[in-house]
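Welcome! Have a look at the model below, and then we will walk through it topic by topic.

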Amino acid sequence: MRLPYLPVGGALKPLVQVTLISQRPLITRALVDSGADFSIFDLSILAYLGTPLDPGLQRRVTGIGGTITAHGTWIDAIIGRHRLHLLMFFAPNLPMNLLGRDNFFHYFRVSFDEVRHEVDLRYRRQRPTSTSSRHT
Amino acid sequence: MPAKSKSKSRHKSLKEKPATHYTAKRARDQMAVEFELDSQIQQHVGKWIALADNQIVAVGETVEDVVNAAKQLGYDAPLVVHGPLTRENVAYVL
């Protein structure tokens, strides 16, 4: 599916709409980020969903702003017409939710068109196991 | 025979053109709405924002606050986004 970039602060970015499934589902947006090792969402979202964290899923995450500890869990999500089982980490005060390579990019072959401002997500029927799930 | 084929192709073009134009126009209109919404979102620094029907329906401190406020207005499944962390116009290198 080809999705148009969406504006954030006046600049177009590859944002997609994500429905997070729990007892209290939530619709939000996240940046498709090929540079992110994992998907990482704001901790306030987890507080709303009420999904318990997996104690075995804890990572130190480094960005330009420094290093933080992020806690993870597995969450079902819907993107487009596809239901995904996503590994997600959570941390406070993020500028943006990120969909990173492990394991969002296992579901889709992702390509960015910076001229047309579109992100193309091609769904894969066969996927590798998440790197993190091998450790848990 | 040539007249018939000409008419067929004219029929096809009449059928297809409006749909294409409609999709492109709809995409442009939606993008204009997205830019307008984005400029409104930028005003709510550090807040959570619920969007529905192409407008901001609730602003609050937590996700729960804005979802509940949106539900009270009859929007059961709002799109929830976070406002910018700072008033400065910054680029993201994540």
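A residue is called buried if 20 or more other C-beta atoms lie within 10 Å of its own, and exposed if there are 12 or fewer. With that in hand, strand E5 of chain A is mostly covered, since five of its seven residues are buried. Please keep in mind that this is a predicted model.

**Strand E5 of chain A and its partners**

- Strand E4 (residues 15-21) of chain A runs antiparallel to E5(A), and six bridges join the two.
- E4(A) and E5(A) form a hairpin, with four residues between them.
- To find this pairing in the model, look for A:Leu20, whose bridge partner in E5(A) is A:Leu26.
- E5(A) is also joined to strand E10 (residues 98-99) of chain A by two bridges, this time in parallel.
- In that pairing, A:Leu31 stands opposite A:Leu98 of E10(A).
- Which strand of chain B pairs with E5(A)? It is E3(B), in the parallel sense and over two bridges.
- As background, strands of a sheet pair through backbone hydrogen bonds, either parallel or antiparallel.

**Another sheet in chain A**

- Three strands of chain A make an open sheet in the order E1-E12-E11, with antiparallel pairing.
- Its edge strands are E1 (2-4) and E11 (108-113), each of which pairs on one side only.
- From one strand to the next, the twist averages 20 degrees.
- E11(A) pairs with strand E12 (residues 118-123) of chain A over six bridges, and there A:Val110 stands opposite A:Leu121.

**Chain B in outline**

- Chain B has two helices and three strands, which follow the pattern α-β-β-α-β along the sequence.
- Of its 94 residues, 15% count as buried.
- Among contacts in chain B between residues at least 6 apart in sequence, 34% join residues at least 24 apart.

**Helix H2 of chain B**

- Which residues are buried in helix H2 (residues 63-72) of chain B? They are B:Val63, B:Val66, B:Val67 and B:Ala70.
- These four cover an arc of only 100 degrees around the axis, which means they sit on the same side of H2(B).
- H2(B) is followed by B:Gly74, which has a positive phi near 95 degrees.

**Where the chains meet**

- How many residues of chain B are in contact with chain A? There are 23, and they touch 24 residues of chain A.
- On the chain B side, the elements that give two or more residues are helix H1 (2-41), H2 and E3.
- H1(B) gives the largest share of that side, with five residues.
- By type, the chain B side divides into 16 nonpolar, four polar and three charged residues.

**The largest nonpolar core**

- This core has 49 residues, and those touching the most other members are A:Ala30, A:Ile40, A:Ile45, B:Ala50, B:Val63, B:Val66 and B:Val80.
- Strand E9 (residues 82-91) of chain A gives the most to this core, with six residues.
- Leaving aside neighbours within four places in sequence, A:Ile45 is in contact with A:Leu20, A:Leu26, A:Thr28 and B:Val63.

- Most residues other than glycine have a negative phi, and most peptide bonds are trans.
- B:Asp53 is not a glycine, yet has a positive phi of about 50 degrees, and B:Asn54, also not a glycine, has a positive phi of about 60 degrees.
- B:Asp53 lies in the loop between E1 and E2 of chain B, and B:Asn54 lies in the loop between these strands too.
- Buried or exposed, how does B:Asp53 count? It counts as exposed, because it has 8 C-beta neighbours inside 10 Å.
- B:Asn54 has 11 such neighbours inside 10 Å and therefore counts as exposed.
- In chain A, a cis peptide bond joins A:Asp102 and A:Asn103, with omega about 10 degrees.
- A:Asn103 lies in helix H2 (residues 101-107) of chain A.

Notes. Residues are numbered from 1 along each chain as its sequence is written. Chains are lettered from A and ligands numbered from 1 in the order in which they are written. This is a predicted model: local features need pLDDT of at least 70, side-chain atom pairs count only at pLDDT 80 or more; totals for chains, interfaces and linings use all residues. The arc is that of the directions from the helix axis to the C-beta atoms. Two residues are in contact if their C-beta atoms, placed from the backbone, lie within 7 Å. Ala, Val, Leu, Ile, Met, Phe, Trp, Tyr, Cys and Pro count as nonpolar, Asp, Glu, Lys and Arg as charged, and the others, Gly among them, as polar. Two strands pair if DSSP finds at least two bridges between them. Axes are lines fitted to C-alpha atoms, for helices over the stretch in contact, and angles run from 0 to 180 degrees between N-to-C directions. A nonpolar core is a set of buried Ala, Val, Leu, Ile, Met, Phe, Trp, Tyr and Cys residues joined through C-beta atoms within 7 Å.
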